[in-house]
Amino acid sequence: LNGRDFAPFEVLKELPMAMTAHVVYAALDDRPATLSARMIDVIRQDIGYDGLLMTDDISMKALKGPADQNARAALDAGCDVVLHCNGSLAERIAVAKASGRMTDAAQRRAEAALSQRVRPADVDIPGLEAELETLF
């Protein structure tokens, strides 16, 4: 895993934000990486990533169990924030309650990531539309 699977993460470890996957690295843990304290330890300690670590969408049906329990488990494992992209209002409220407030470390990482935003370049919409027309 270190020589192959984790190599891209090592190269990109200075990026301000990263996302866990719901993939299982059976050699390290039988839980999905998003819910695995062992995998988060690999990300933080072995790879050396200290940016904002967010989960992949916990409502995408890749994780077993209720979304609120998965949200809490992901945060307990060491993720900074949880993405919940679909679900009823009741489910969203349950996820928010289970998630609670950000830790100081998560807040620091979030602020550091937000500080690296770059204003997008102005876009010439009429020029792009004209260019698009030439393609047909």
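The following legends describe close-up views of a predicted model.

In this predicted model, local features need pLDDT of at least 70 and side-chain atom pairs count only at pLDDT 80 or more, whereas totals for chains, interfaces and linings use all residues. Residues are numbered from 1 along each chain as its sequence is written, and side-chain values use heavy atoms, with hydrogens and water left out.

**View 1. The largest nonpolar core has 15 residues.** A nonpolar core is a set of buried Ala, Val, Leu, Ile, Met, Phe, Trp, Tyr and Cys residues joined through side-chain atoms within 4.5 Å. Buried means under 20% relative accessible area, exposed over 50%, and partly exposed in between (1.4 Å probe, protein chains only). The residues with the most contacts inside this core are Ile-40, Ile-43, Ile-58, Ala-71, Ala-74, Val-82 and Val-95. Two or more residues come from each of helix H2 (37–46) and helix H3 (67–77). H3 gives the most, with five residues. Helices (H or I, at least four residues) and strands (E, at least two) are DSSP runs, numbered from the N terminus. Apart from this core lies another, of six residues, among them Phe-6, Met-39, Val-42 and Ile-47.

**View 2. Ile-43 has contacts with Thr-20, Gly-48, Tyr-49 and Leu-53, leaving aside its neighbours within four places in sequence.** Contact means heavy atoms within 4.5 Å. Ile-43 is also one of the residues with the most contacts inside the largest nonpolar core.

View 3. Ala-67, Asn-70, Ala-71, Ala-74, Leu-75 and Ala-77 are the buried residues of H3. Gly-78, which follows H3, has a positive phi near 125°.

**View 4. Arg-109 and Asp-80 form a salt bridge, at 2.9 Å from N to O.** A salt bridge is a side-chain nitrogen of Lys or Arg within 4 Å of a carboxyl oxygen of Asp or Glu. Arg-109 lies in helix H5 (residues 104–115) and Asp-80 in the loop between H3 and strand S3 (81–83), so the pair ties together parts that are 29 residues apart in sequence. Arg-109 is buried at 12% relative accessible area, and Asp-80 is buried at 7%. Salt bridges that share partners join Arg-44, Asp-50, Asp-80, Arg-108 and Arg-109 into one network.

**View 5. Asp-29 and Arg-31 are joined by a salt bridge, with the closest N and O atoms 2.6 Å apart.** Asp-29 is buried, at 9% relative accessibility, whereas Arg-31 is partly exposed, at 39%. The count of salt bridges comes to nine.

**View 6. Lys-61 has a positive phi of about 70°, although this residue is not a glycine.** Lys-61 is found in the loop between strand S2 (52–57) and H3. With a relative accessible area of 76%, Lys-61 is exposed.
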